[in-house]
Amino acid sequence: MNIRTWTVVSAFVAVVLAGAPFGRAGGDVPKIVIEEALSIGTIDDDLLYQLTGVAVDSDGFIYVLDGMDYSLKKFDAGGLLVGKTGRKGQGPGEFKAPRLLDCSGSRLFATDQNNPGIQVFDRDLTFKTAIPCRSAVQAMRALGPDKVAVLTMRALGASSLQVLNAEGTLLSELSFADPKAGLLMDSASFTALPDGSFVIAYLFQDRVERWTAEGRRVWSRAVLGPKKVPTTKMDSPLGSLTLPTETCFHDIAADSRGRLFVLGGRMAKNAARDVFVLDADGRLFTTFTLPDTSHCLVIDGKDQLYVRANEGITLKKYRMRYE
Amino acid sequence: MTRFNTKLLRGLTAVLVFYGAVLGICALSLDAGICERALRMCLFEDQEIRMEMPGFYVLFCLEGYAFCKRYIDPSEG
């Protein structure tokens with residue numbers, strides 16, 4: 001075989017080998033199909049007015065913070081309202097602007113934008129205690145019945161992810177944000193993984209990042225593609241502010257396999273409806289689209305998905321099927 | 001160029017300038033979304049917030065803006 005023939009054969013083999021992975025990937029792209037399993041709240045009933053936070057316990061009970069009802073509500077797995085607590089105010093068990101909710105073991109953790117700290121309830125909705133937290137909380141995950149991780153917002157300096165015990169004592173602090181990134185650019189949501197690491201999805205940046213508890217960044221991924229988040233300038237008593245105007249990611253949750261479900265924002269093709277599924281190494285596994293816009297995304301122990309619909313009047317539960 | 005052509009050119013220019021102005025106003029209105037308007041009100045008009053948290057109300061307003069962008073604005077989109 002002469003050199004020319006070798007060259008042609010080698011080129012042919014190279015083309016076949018180079019094309020093969022793409023062919024496999026194209027043929028085996030996984031697909032997630034969602035099927036509605038439950039719907040709570042309609043425009044005609046008074047079950048929900050504006051759901052903000054959602055949590056699910058190990059027995060399948062669903063807890064919802066209602067922003068316009070200043071309350072914490074408990075539903076059974078079939079969607080029946082079985083408990084309600086709270087009223088407008090600043091005292092124990094009261095709310096002015098309820099926001100975030102999470103559950104671990106026998107405890108529920110709730111935040112309020114206008115009341116500092118984290119309120120702790122038992123699963124019967126009895127107020128138990130308040131965890132002091134001086135900084136504003138923009139995201140929260142319960143790590144255990146007496147331990148919580150919060151992503152704080154600070155007037156000066158960058159946000160950080162703090163782990164607090166039931167007394168509000170700082171157990172550890174993860175400084176993930178770039179202080180030079182700009183105003184609000186460190187706004188984010190996060191989820192905690194069983195190995196103690198955290199995955200952070202930025203509200204105004206096309207970045208999803210995994211960090212160890214010790215503060216080492218394991219990976220950082222752009223998911224939405226080469227789009228720049230638009231900004232606007234606004235005068236303020238502190239001078240001119242440059243503000244991002246479009247959101248990248250609204251929420252993040254992990255399923256039992258360690259896959260990460262990231263809810264896209266206004267920068268996604270289908271605003272606040274596209275869900276990007278990443279594997280534990282941050283590679284894009286698949287995507288799917290919710291029927292309605294949502295600000296939150298919760299996955300329970302059975303890998304069922306909970307999102308909002310009808311602008312917060314309805315909570316939807318979906319079964320996820322892999323095809 | 002004939003007088004007719006000159007008039008036509010001026011007319012077209014006037015129409016284009018007007019159209020451009022309208023587009024500019026529309027763009028400005030779209031830019032000032034519900035969250036931007038709420039932030040402006042929070043920063044400049046809400047005296048109660050300034051009384052309640054002097055020194056911190058700008059942070060409070062910005063937190064509200066981020067909340068609005070995440071929770072409320074998707075519905076406006």
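**Figure 1. Secondary structure of chain B in the predicted model.** Chain B contains four helices and zero strands. The structure shown is a predicted model. Followed along the sequence, the elements of chain B give the pattern α-α-α-α. Of the 77 residues in chain B, 21% are buried.

**Figure 2. Overall view of chain A.** Chain A comprises one helix and 26 strands. The C-alpha trace of chain A spans about 90 × 50 × 35 Å along its principal axes. Of the 323 residues in chain A, 39% are buried. Among the contacts in chain A with a separation of 6 or more, 42% join residues 24 or more positions apart. The average pLDDT of chain A is 90, and 90% of the residues score at least 70.

**Figure 3. The two assigned domains of chain A.** The domain assignment divides chain A into domain 1, covering residues 1–29, and domain 2, covering residues 31–322. The centres of domain 1 and domain 2 of chain A, taken over C-alpha atoms, are separated by 46 Å. Residues 13–26 of chain A have a pLDDT that stays under 50. For residues 13–26 of chain A, the model has zero contacts beyond four places in sequence.

**Figure 4. The contact region between chain A and chain B.** In this view, 23 residues of chain A are in contact with 20 residues of chain B. Strands β10 (136–144) and β18 (231–236) of chain A each supply at least two residues of the side of chain A that touches chain B. The most is given by β18(A), with three residues. By residue class, the side of chain A that touches chain B divides into eleven nonpolar, ten polar and two charged residues.

**Figure 5. The open sheet of strands β14 to β17 in chain A.** Four strands of chain A form an open sheet in the order β14-β15-β16-β17, with antiparallel pairing. Its edge strands are β14 (188–192) and β17 (217–221) of chain A, each of which pairs on one side only. On average, and with direction ignored, neighbouring strands of this sheet are turned by 15° against each other. Strand β14(A) is joined by five bridges to strand β15 (residues 198–202) of chain A, and the two run antiparallel. Within this pair, A:Phe190 has A:Ile200 of β15(A) as its bridge partner.

**Figure 6. Strand β8 of chain A and its pairing with β7.** Strand β8 (residues 118–122) of chain A is mostly covered, four of its five residues being buried. Strand β7 (residues 107–112) of chain A runs antiparallel to β8(A) and is joined to it by five bridges. In this pairing, A:Arg107 stands opposite A:Asp122 of β8(A). The hairpin formed by β7(A) and β8(A) has five residues between the strands. In its turn, A:Gly117 has a positive phi of about 90°.

**Figure 7. The hairpin of strands β8 and β9 in chain A.** Strand β8(A) is also joined to strand β9 (residues 127–131) of chain A, by four bridges, and these strands run antiparallel. The bridge partner of A:Gln119 in β9(A) is A:Ala130. Four residues lie between the strands of the β8(A) and β9(A) hairpin, where A:Leu125 takes a positive phi near 70°. Most residues other than glycine have a negative phi.

**Figure 8. A:Ala272 in the loop between β21 and β22 of chain A.** The loop that holds A:Ala272 lies between β21 (260–264) and β22 (274–278) of chain A. Phi of A:Ala272 is positive, near 60°, in a residue other than glycine. A:Ala272 counts as buried because it has 25 C-beta neighbours inside 10 Å, the cut-off being 20 or more.

**Figure 9. A:Asn310 in the loop between β25 and β26 of chain A.** A:Asn310 is found in the loop between β25 (305–309) and β26 (314–322) of chain A. Its phi is near 50°, a positive value in a residue other than glycine. With 17 other C-beta atoms within 10 Å, A:Asn310 is partly exposed.

How values were computed
Residues numbered from 1 in each chain as written. Chains lettered and ligands numbered in written order. Predicted model: local features only at pLDDT ≥ 70, side-chain atom pairs only at ≥ 80, totals over all residues. Pairing = 2+ DSSP bridges. Axes fitted to C-alpha atoms, helices over the stretch in contact; angles between N-to-C directions. Contact = placed C-beta atoms within 7 Å. Nonpolar A, V, L, I, M, F, W, Y, C, P; charged D, E, K, R; others polar. Buried ≥ 20, exposed ≤ 12 C-beta atoms within 10 Å, placed from the backbone. Domains from an automatic or database assignment. pLDDT = per-residue confidence, 0-100.
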